[in-house]
2 protein chains.
Amino acid sequence: MSSSEIDTLIEMMAKLPGLGPRSARRAVLHMIRKRGLLLTPLADAMQAVAATARECLNCGNIGTSDICDICASEKRATGELCVVEDVSDLWAMERAGVFKGRYHVLGGTLSALEGVGPEDISIPKLVDRVTSEHISEVILALNATVDGQTTAHYIADQLEDRVRLTSLAQGVPVGGELDYLDEGTISAALTARKTL
Amino acid sequence: MSSSEIDTLIEMMAKLPGLGPRSARRAVLHMIRKRGLLLTPLADAMQAVAATARECLNCGNIGTSDICDICASEKRATGELCVVEDVSDLWAMERAGVFKGRYHVLGGTLSALEGVGPEDISIPKLVDRVTSEHISEVILALNATVDGQTTAHYIADQLEDRVRLTSLAQGVPVGGELDYLDEGTISAALTARKTL
């Protein structure tokens, strides 16, 4: 039987996405065994993040200042604006390291069923930014889901004739094997085939 | 791009068993979004555990005092001692809630290859406890692996003639389907079959 402090920690860890009660117990035991290396530094790192993390007032990225590093950097003012659903998508784009412009995080997708309208996902803010930041191209990097694509169409309607609109290419993932791909992807890759 | 504090937290979370870089990022984003409900309380809970968690000097269980609740409770002095490999096994036994005696956590198994001998896994302490705590039955609840069974045999040799020795029954798990069980389990369950 574990003590109440340990039980409390296990219960809290089990609330994290990707962890259940069993993996939370394993993680907590592991942390207790390496407490100097892991438990105390982790607690300190969490306190530091809790104290400093905030949403960028401009793009919605999560960072440690009111305006995130990307929005603050003049080098990123390329006139390109990449629209993503979520901060995790922004981070994924940054890991690829190929996009040099700025981002706009919607924080969700339009959804008639769940009552999510354009103003709930900062689309008016996006329209403002296109003008105020002299954007020449908006890249719609929304997920290839129904909601993602509906949102992309709505945004395209709003910005038509004001800016160049593009979206990420669809096709075979790098390293992907045809046998493991769905029909939709194969069909999209064939339609968008390139001349060698 | 995330800030350095957030990156540090992600790297640390990714070191926990069961989490990789991707799930650590998801967990950290989730925590930041629920910082009042999750990030700060989790940091506090970790600090509390880091400050109080320790190994029971008697049995090796992890708790918040030098002698754990189980060893401290007179009710658990039933004369039965359950030998487990790891604290997580002890917790699993306690969740079953059916064992009323005390435990002895070995903290590993004998392993000639890795140079783990009897004194490394507190077998001498176990032998002492059998005498000093007037133990009448030692239940070997070691994992059904080669190392676990080797260790069980070694302990049985040491304690032979001094105490009643038992081990957990092997058989079909409750709710288990024969089709999904390995041959060893089915064979053990058949050998240990019971008259209805």
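Reader: How much area do chain A and chain B bury between them?
Author: About 4,900 Å², with 72% of it on carbon and sulfur atoms. Buried area is the accessible area (1.4 Å probe) that two parts lose on being put together, summed over both. This is a predicted model, where local features need pLDDT of at least 70, side-chain atom pairs count only at pLDDT 80 or more, and totals for chains, interfaces and linings use all residues. Residues are numbered from 1 along each chain as written, chains are lettered from A and ligands numbered from 1 in written order, and side-chain values use heavy atoms, without hydrogens and water.

Reader: How many residues of chain A are in contact with chain B?
Author: 51 residues of chain A contact 51 of chain B. Contact means heavy atoms within 4.5 Å.

Reader: What makes D86(A) and R33(B) a salt bridge?
Author: Their closest N and O atoms are 3.2 Å apart. The rule asks for a side-chain nitrogen of Lys or Arg within 4 Å of a carboxyl oxygen of Asp or Glu. So this pair of D86(A) and R33(B) qualifies. Two salt bridges are found across the interface of chain A and chain B.

Reader: Which element supplies the largest share of chain A's side?
Author: α3(A), with 15 residues of the side that touches chain B. By class, that side of chain A has 29 nonpolar, ten polar and twelve charged residues.

Reader: How do you know how the two copies are related?
Author: Chain A can be laid on chain B by a turn of 180 degrees and a shift of 0.0 Å along the axis, with an RMSD of 0.0 Å. The copies are therefore related as by a two-fold rotation axis. The superposition is by least squares on C-alpha atoms of residues with pLDDT of at least 70 in both. A43(A) comes closest to the axis of all residues of chain A, its C-alpha being at 2.2 Å.

Reader: How do you know through which surface the copies meet?
Author: 100% of the interface residues of chain A are also interface residues in chain B, so the copies meet through the same surface.

Reader: Why is N58(B) called buried?
Author: Its relative accessible area is 18%. Buried means under 20%, exposed over 50%, and partly exposed in between (1.4 Å probe, protein chains only). So N58(B) is buried.

Reader: What makes a polar contact for the side chain of N58(B)?
Author: The side chain of N58(B) meets that of E133(B) at 3.1 Å. The residues that N58(B) touches include H104(B), K125(B) and R129(B), not counting residues up to four places away in sequence.

Reader: Is R129(B) buried or exposed?
Author: Buried, because its relative accessible area is 1%. R129(B) also forms a salt bridge with E133(B), the closest N and O atoms being 2.7 Å apart.

Reader: What parts does the pair R102(A) and E133(A) tie together?
Author: Their side chains meet in a salt bridge at 3.7 Å, N to O. R102(A) lies in strand β4 and E133(A) in the loop between α6 and β5 of chain A, so the pair ties together parts that are 31 residues apart in sequence. R102(A) counts as buried, at 10% relative accessibility.

Reader: Why is D66(B) called partly exposed?
Author: Its relative accessible area is 41%, so D66(B) falls in the middle class. R54(B), at 31%, is also partly exposed. The side chains of D66(B) and R54(B) meet in a salt bridge (3.5 Å, N to O). The pair ties together parts twelve residues apart in sequence.

Conventions
A polar contact is a pair of N or O atoms within 3.5 Å; within protein, one must be able to donate a hydrogen and the other to accept it, and residues adjacent in sequence count only if both atoms are side-chain atoms. Helices (H or I, at least four residues) and strands (E, at least two) are DSSP runs, numbered from the N terminus. Ala, Val, Leu, Ile, Met, Phe, Trp, Tyr, Cys and Pro count as nonpolar, Asp, Glu, Lys and Arg as charged, and the others, Gly among them, as polar.
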